[in-house]
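This briefing covers how the parts of one protein chain are arranged and how they meet. Please look through the sequence and the 3D view before reading the points below.

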Amino acid sequence: MNQKVKENILQKIKQYDKIFLFRHVRNDGDCVGATKGLKAILQATFPQKKIYLIDADTAQYLEFMGPEDAPVAEEEYRDALGIVLDTASVGRISNPNFSKVVELIKIDHHIPVEPYGDIMWVEEERSSCCEMIVDFYRTFADELVLTKEAATHLYTGMVTDSGRFKYTGVTGETLRNAAVLLDAGVDTETLFARLYLEAFEYLKFKAYIYEKMCVTENGVAYIYVDKAMQEKFGLTQEQASAVVGNLDSIRGCICWMALIDNPDGSIRVRLRSRFVKISDLAEKYHGGGHACASGATCYSTEEMEALIRDADALVKDYKEHNEGWL
Ligand code: AMP
């Protein structure tokens, strides 16, 4: 698939001595894994090239993946190639210096919100951007070098973005790509421990979440992690945002979301679903994303309530017109 565009990308990589890798704000396992994984592949394959990954911060739960490069002068970008991974729109690119590079390549698996870059390789049916990087490696396996480090980064992204290979985007090809990474020596026992062990105190917070969560008439589960709740448990924004994962297994609730007070007064919405598509709803509320995993922002509690009502109506309509949901 997309053989020509992949050939163009490899040709550009060969052409430049300096390459900057970019990802999205509020980084997650996939964008961190894809940038670090591609960086490790390129460094092992082209040791003479300078490959940079510069980002202001990494999510706390991903710090085990290692630090980013130190910032460089802006002039450094001006004769470089840029590759943006896992980022649907320019507004979400975390390092603003992406605009200074000579040529920009977009590699992404999100529903395209806005085209950008000189070369675009977008496959929205892929379960993760990391999967695309593995596919890229496999396409040119006789030329590129996959190290254990690269494989571990890419496997981390594949695992986290696919819900441990559970979401519908996972195909036979996903697992064939993952198999290549396992063959490269990923230590899954350590990786899963790093990703999924939880502190005792966090389990207490989880219990509180289950106590406080709400379910709408037609089956939307939601929890509002307001400022007071964040303070009560001393939560970071990241910990507060993670609660969405706790609502994903309620029978009949085919849509669930976490609404998190941001420090600036807005409310971050993390929407998730099974069977029913929720990305259009996210777009209506200043966001977007995938069919079953999207993000949005509300600017008042009234807007938040309107979003919850809309989600409920969406689920009602879906349940009325479809069978087989659980
Ligand atoms: P999140 O709940 O922040 O993990 O977002 C879920 C998915 O939706 C991720 O793939 C994000 O990249 C995407 N997403 C989140 N917020 C936005 C936004 N404002 N615009 C477009 N896509 C978004």
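In this predicted model, the C-alpha centres of domain 1 and domain 2 are 28 Å apart. The domain assignment places residues 2-195 of the protein chain in domain 1 and residues 202-321 in domain 2. The points below take the interface of these domains and then the nonpolar cores.

**Contact and buried area**

- On the side of domain 1, eight residues are in contact with domain 2, and they touch nine residues there.
- About 740 Å² is buried between domain 1 and domain 2, and carbon and sulfur atoms account for 45% of it.
- Within domain 1, the residues that lose the most area to domain 2 are Arg26, Gln60 and Ile111, which together make up 60% of what that side buries.

**Polar and charged links**

- One salt bridge is found across the interface of domain 1 and domain 2.
- A salt bridge joins the side chains of Lys166 and Asp248, with an N to O distance of 3.7 Å.
- Three residue pairs are in polar contact between domain 1 and domain 2, counting pairs with both residues at pLDDT 80 or more.
- On the side of domain 1 that touches domain 2, three residues are nonpolar, three are polar and two are charged.

**Nonpolar cores**

- In soluble globular proteins, nonpolar side chains tend to be buried together.
- The largest nonpolar core in this model holds 48 residues, and Ile13, Ile19, Ile83, Ile107 and Leu181 have the most contacts inside it.
- Which residues does Ile107 contact, leaving aside its neighbours within four places in sequence? They are Ile9, Ile83, Val84, Leu85, Asp86, Trp121, Cys129, Met132 and Ile133.
- There is also a second, separate core of 23 residues, with Val276, Ala282, Cys298 and Leu307 among them.

Conventions
Residues numbered from 1 in each chain as written. Predicted model: local features only at pLDDT ≥ 70, side-chain atom pairs only at ≥ 80, totals over all residues. Heavy atoms only, no water. Domains from an automatic or database assignment. Contact = heavy atoms within 4.5 Å. Buried area = accessible area lost by both parts, 1.4 Å probe. Salt bridge = Lys/Arg side-chain N within 4 Å of Asp/Glu carboxyl O. Polar contact = N/O pair within 3.5 Å; in protein donor to acceptor, adjacent residues only side chain to side chain. Nonpolar A, V, L, I, M, F, W, Y, C, P; charged D, E, K, R; others polar. Core = buried A, V, L, I, M, F, W, Y, C linked by side-chain atoms within 4.5 Å. Buried < 20%, exposed > 50% of the residue type's maximum accessible area, 1.4 Å probe, protein only.
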